Amino acid sequence: MHELPLVIFTVLSQIAVGALFTMWIVDLKGGILNVKLGKGLAISIFALATVAILASIFHLGHPLQAYKALLNVQTSWLSREIWLFSLMLLTMIGYIFTWSEGKESQRRIVGAFSSLFGLIAVMASAMIYVLPAMPAWNNFSPIFFFVMTGVLLGPLYVGVVLYFFDKESLNLWKVAPLMALVYAMSSFFYITVLFSGTGTLAATADNIINHPMFVFRGLLSWIIPVVVLLPFFFLKVKKKPAMMLVAIVFILAFAGEIIGREIFYNTIVELDINQID
């Protein structure tokens, strides 16, 4: 993979944001009763986000000068992205410490701010790629696809962790097949629209579907969550998928998103410099 640090950063950070948002909503509804479990889950999400940000440093040409990227917040989406993820991590530290008895109100307020910073940070990440020189990205699609990674894998991550600690009654696995369906249909529509265009748009679409891993990407991220988990919605006898089955779907969908991000970065066709207005 040519953009491995960037692939790891974007996918892991989006999972962390999706998981944090899910955890905050679950807590808001009183779904996590054990503060020890909540703190452990929050620490794991913090670790996930930290690994993502560390990976991003290796993408920079001069990692030791990474601080310079912080100085252009007024004009640079990269700078805004760094600030917003930093705010998410800082507020997450406070969020972790509020996972104790008697701090429910503070925890939910801090969790709301941390989730919000994370969501805006993911959007800022996507805005880096909304560029006139890349017509296939110069629209809402980078934001949509980056958010979808978090929406697909974040709830699944929280669901798997809670499953391991006997909290399967929350049924967070139900989010995955529905989001995978939306994701697949949107991607089909996006590629179709690209093919209806000309020049770099059609060339990008052609690169995407002819990428050697495109079939695996669709199979792992879209088809498997739907085929494996959706049937449980229609069983006459109320039955839930086994914990291990949900964990396997998460791992496979995660692999699918890694492949999908690799395809995202390596199939884009740029305009010639003379074609840019």
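This is a predicted model: local features need pLDDT of at least 70, side-chain atom pairs count only at pLDDT 80 or more; totals for chains, interfaces and linings use all residues.
User: Why are H8 and H9 called roughly antiparallel?
Analyst: Helices are DSSP runs of H or I with at least four residues, strands are runs of E with at least two, and both are numbered from the N terminus. The axes of H8 (residues 214–229) and H9 (residues 243–266) cross at roughly 150 degrees and come within 8 Å. Axes are lines fitted to C-alpha atoms, for helices over the stretch in contact, and angles run from 0 to 180 degrees between N-to-C directions. Angles under 35 degrees count as roughly parallel, over 145 as roughly antiparallel, 65 to 115 as roughly perpendicular, and the rest as oblique. H8 and H9 are therefore roughly antiparallel to each other.

User: What is the handedness of the crossing of H8 and H9?
Analyst: The crossing of H8 and H9 is left-handed. That term applies if the near helix is turned anticlockwise from the far one by less than a right angle; clockwise gives right-handed.

User: Which residues of H8 and H9 meet, and how do they divide by class?
Analyst: On the H8 side they include Phe214, Arg217, Leu220 and Ser221, and on the H9 side they include Leu245, Val249, Gly256 and Glu257. Contact means heavy atoms within 4.5 Å. The contact of H8 with H9 has 15 nonpolar, three polar and two charged residues. Here Ala, Val, Leu, Ile, Met, Phe, Trp, Tyr, Cys and Pro count as nonpolar, Asp, Glu, Lys and Arg as charged, and the others, Gly among them, as polar.

User: What makes Glu257 buried?
Analyst: Glu257 lies in helix H9. Buried means under 20% relative accessible area, exposed over 50%, and partly exposed in between (1.4 Å probe, protein chains only). Glu257 has a relative accessible area of 0%, so it is buried. Leaving aside neighbours within four places in sequence, Glu257 is in contact with Val11, Thr149, Leu152, Leu153, Tyr183, Arg217 and Ser221.

User: Why are H2 and H5 called oblique?
Analyst: The axes of H2 (residues 35–57) and H5 (residues 141–164) cross at roughly 140 degrees and come within 11 Å. H2 and H5 are therefore oblique to each other. Their crossing is right-handed. Leu37, Leu41, Ser44 and Ile45 in H2 meet Tyr157, Val158, Val161 and Leu162 in H5. By class, that contact has seven nonpolar residues, one polar and no charged.

User: Is Leu48 buried or exposed, and how do you know that?
Analyst: Leu48 has a relative accessible area of 18%, so it is buried. Its place is in helix H2. Beyond residues up to four places away in sequence, Leu48 touches Leu12, Ile15 and Ala16.

User: What makes Val151 partly exposed?
Analyst: The relative accessibility of Val151 is 27%, so this residue counts as partly exposed. Val151 is found in helix H5. Apart from neighbours within four places in sequence, Val151 is in contact with Val175 and Met179.

User: Why are H6 and H7 called oblique?
Analyst: H6 (residues 175–196) and H7 (residues 200–209) pack at an angle of about 135 degrees, with their axes 6 Å apart. That angle makes H6 oblique to H7. H6 passes H7 in a left-handed crossing. Ile191, Leu194 and Phe195 in H6 meet residues in H7 that include Leu201, Asp206 and Ile209. This contact of H6 with H7 has eight nonpolar, one polar and one charged residues by class.

User: Why is Arg80 called partly exposed?
Analyst: Arg80 has a relative accessible area of 22%, so it is partly exposed. Arg80 has its place in helix H3 and touches Val73, Gln74 and Thr75, not counting residues up to four places away in sequence. Arg80 and Leu70 are 10 residues apart in sequence and 7.6 Å apart in space, C-alpha to C-alpha.

Terms used:
Residues are numbered from 1 along each chain as its sequence is written. Side-chain values use heavy atoms; hydrogens and water are left out.
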